[in-house]
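This report asks the reader to follow a protein chain through its helices, its ligand shell and its loops. Please keep the sequence and the structure in view while reading.

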Amino acid sequence: MGEQRQILLTNINEPDQNTLSAAESRGAYKAIRKALEMDPLKIIDEMKASSIRGRGGAGFPTGLKWSFVPRDTGKPVYLITNADESEPGTFKDRALLERDPHLVIEGMLCSAWALQSNWSCIYIRGEYAYPYERTKRAIEEAYEKGYLGENIFGSGFTHHMVIHRGAGAYICGEETALIESLEGKKGQPRLKPPFPAVAGLYGCPTVVNNVETLANVPWIIENGGAAYAELGVENSTGTKLVSASGHINKPGVYEVGMGYPLLQFIEEECGGIKDGNNLLGVIPGGSSTCVLTADECKGVNLDYDSLKNAGSSLGCAGFMVMDDTTDVVEAILNLSHFYSHESCGQCTPCREGGHWIEKIFRRIAEGDGRPGDLELIENLCSQIGGHTICAFGDTMVLPYRSFIQKFRTQFRERISEVLKGIERKRNPMDFEVGGVH
Ligand SMILES: Cc1cc2nc3c(=O)[nH]c(=O)nc-3n(C[C@H](O)[C@H](O)[C@H](O)COP(=O)(O)O)c2cc1C
């Protein structure tokens, strides 16, 4: 519990791990052989017993999601791996696809057998050119070896897999927008219900899971759901990949047992704050989660409940560290530019409101802030959150609100500098992405 532990990254730094022969020599494709001898429903029971929650951000229990898929409807069941990974601060799925793609493919195969799905797709963000090439080659190798296609491992089970590149839209990570995009339409979220498990791709039952979620499945099959549930803490079982970036000495991808202490993670895994500076705050779960101040980080652990109790969330664990040299106005302007650019435009509050908010943050940063601007942004946030089809609007306002609430003094000072005629040199944010640790 709360220690550094490896399930997913065990072989990730082996330079040939992307090839089938090397991956197999280190144990890949053992779990699928075992899975194919198990009753598919028993696998779903193991997933439930593991209590694993989806790693794409929402934390929905995976076994429960799988159990919603209706059987014997006469329609095909589709499995989609969500590799869109476009949330600022998040780059963990890239590491798996680039360096250990057979782990993901095997996880998908085991899941496909459990769901009785004969077709799956990896939807990968368009900008991930290298992970795309690596994963595509791994799929080809699996076909060449007979691990994909007809009669896999002599079991009679047929499974086909494709990899599909997105075209650079963050919203296509939202599962129903992803499905629209795969169907060849504009990537815009659908109203739910119906949820994809019941009516997804081409109206057929569809399971959409994150890369990391599915990469855990082989371990769960080999070791059992109960063993997985023993890792981590209550309500947050297993390990978590963390994409750590910002003002730390060792940015990169880490795997820790759920419940790992947040400040210890910065000090011991990430090598502490850069240049001997002090911690200002952390955005722990990716850009769509609330910022925590240094004080609020005390006693907090990297798991769902602890971060929720602290007023933020684990999200997809895009862990962004800011030291006390950070210009918070520039930092939030950077994020608001991202969100206003990425809104799909379907819902007016998100499309228009997000754009207005960026304009207001920009004028504050550029020295044209007005008294009442913070209240205006807060008002706009309340008109966006809860008023859109998908969670983009709801989550976009979380960093805005929390930055203003927690760093109000800095925002106020910046606005009042204008009134006093003080000129300031701008200091935009700059992030560095490291290796896999
Ligand atoms: C705007 C937006 C972007 C999202 N981007 C991703 C993404 O890149 N990858 C991902 O796995 N989930 C993403 N999600 C969450 C998915 O909609 C979905 O919950 C997830 O893929 C389910 O997989 P999981 O249960 O394994 O977490 C996003 C959600 C929203 C609202």
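The sections below treat helix packing, the ligand shell and some loop residues in turn.

**Basis of the report**

The model is predicted; local features need pLDDT of at least 70, side-chain atom pairs count only at pLDDT 80 or more, and totals for chains, interfaces and linings use all residues. Residues are numbered from 1 along each chain as its sequence is written. Helices (H or I, at least four residues) and strands (E, at least two) are DSSP runs, numbered from the N terminus.

**Helix pairs**

Axes are lines fitted to C-alpha atoms, for helices over the stretch in contact, and angles run from 0 to 180 degrees between N-to-C directions.

| Pair | Angle | Axis distance |
|---|---|---|
| Helix 6 (residues 101-115) and helix 7 (residues 129-144) | about 55° | 9 Å apart |
| Helix 16 (residues 348-365) and helix 18 | roughly 20° | within 10 Å |
| Helix 15 and helix 16 | roughly 155° | within 9 Å |

How are such angles named? Angles under 35 degrees count as roughly parallel, over 145 as roughly antiparallel, 65 to 115 as roughly perpendicular and the rest as oblique. With an angle of about 55°, helix 6 is therefore oblique to helix 7. An angle of roughly 20° makes helix 16 roughly parallel to helix 18. At roughly 155°, helix 15 is roughly antiparallel to helix 16.

Helix 6 and helix 7 cross in a right-handed manner. The crossing of helix 16 with helix 18 is left-handed, and helix 15 passes helix 16 in a left-handed crossing.

Which residues form these contacts? Two residues are in contact if their C-beta atoms, placed from the backbone, lie within 7 Å. From helix 6, P101, H102 and I105 meet R134, T135, A138, I139 and A142 of helix 7. Residue classes are assigned as follows: Ala, Val, Leu, Ile, Met, Phe, Trp, Tyr, Cys and Pro count as nonpolar, Asp, Glu, Lys and Arg as charged, and the others, Gly among them, as polar. The contact of helix 6 with helix 7 has 5 nonpolar, 2 polar and 1 charged residues.

In the second pair, helix 16 contributes P349, C350, G354 and I357, which meet F392, G393, M396 and Y400 in helix 18. This contact has 6 nonpolar, 2 polar and no charged residues.

Helix 15 meets helix 16 through residues including V329, L333 and S336, and helix 16 supplies, among others, G354, I357 and F361. The contact of helix 15 with helix 16 divides into 8 nonpolar, 5 polar and 3 charged residues.

**The ligand shell**

The ligand is surrounded by 23 residues, of which G54, G56, G173, N210 and T213 are the closest. A residue belongs here if its C-beta atom, placed from the backbone, lies within 6 Å of the molecule. Strand 4 (206-210) and helix 18 (391-406) each give at least two residues to the shell. The largest share, 3 residues, comes from strand 4. By class, the shell holds 7 nonpolar, 10 polar and 6 charged residues.

**Burial and loop residues**

A residue is buried if 20 or more other C-beta atoms lie within 10 Å of its own, exposed if 12 or fewer, and partly exposed in between, with C-beta atoms placed from the backbone. In helix 5 (residues 92-99), 8 of its 8 residues are buried.

Is N151 buried or exposed? N151 counts as exposed because it has 10 C-beta neighbours inside 10 Å. N151 sits in the loop between helix 7 and strand 3 (160-165) and has a positive phi of about 50° although it is not a glycine. A317 likewise has a positive phi, near 60°, in a residue other than glycine. A317 lies in the loop between helix 14 (304-309) and strand 13 (318-323), and with 26 C-beta neighbours inside 10 Å it counts as buried.

D324, in the loop between strand 13 and helix 15 (328-342), is exposed, with 12 other C-beta atoms within 10 Å. Leaving aside neighbours within four places in sequence, D324 is in contact with N277, N278 and L280.

Finally, the loop between helix 8 (175-182) and strand 4 contains P193. The peptide bond from K192 to P193 is cis, with omega near -10°, and the bond from P193 to P194 is cis, with omega near 5°.

Methods
Left-handed = near helix turned anticlockwise from the far one by under 90°.
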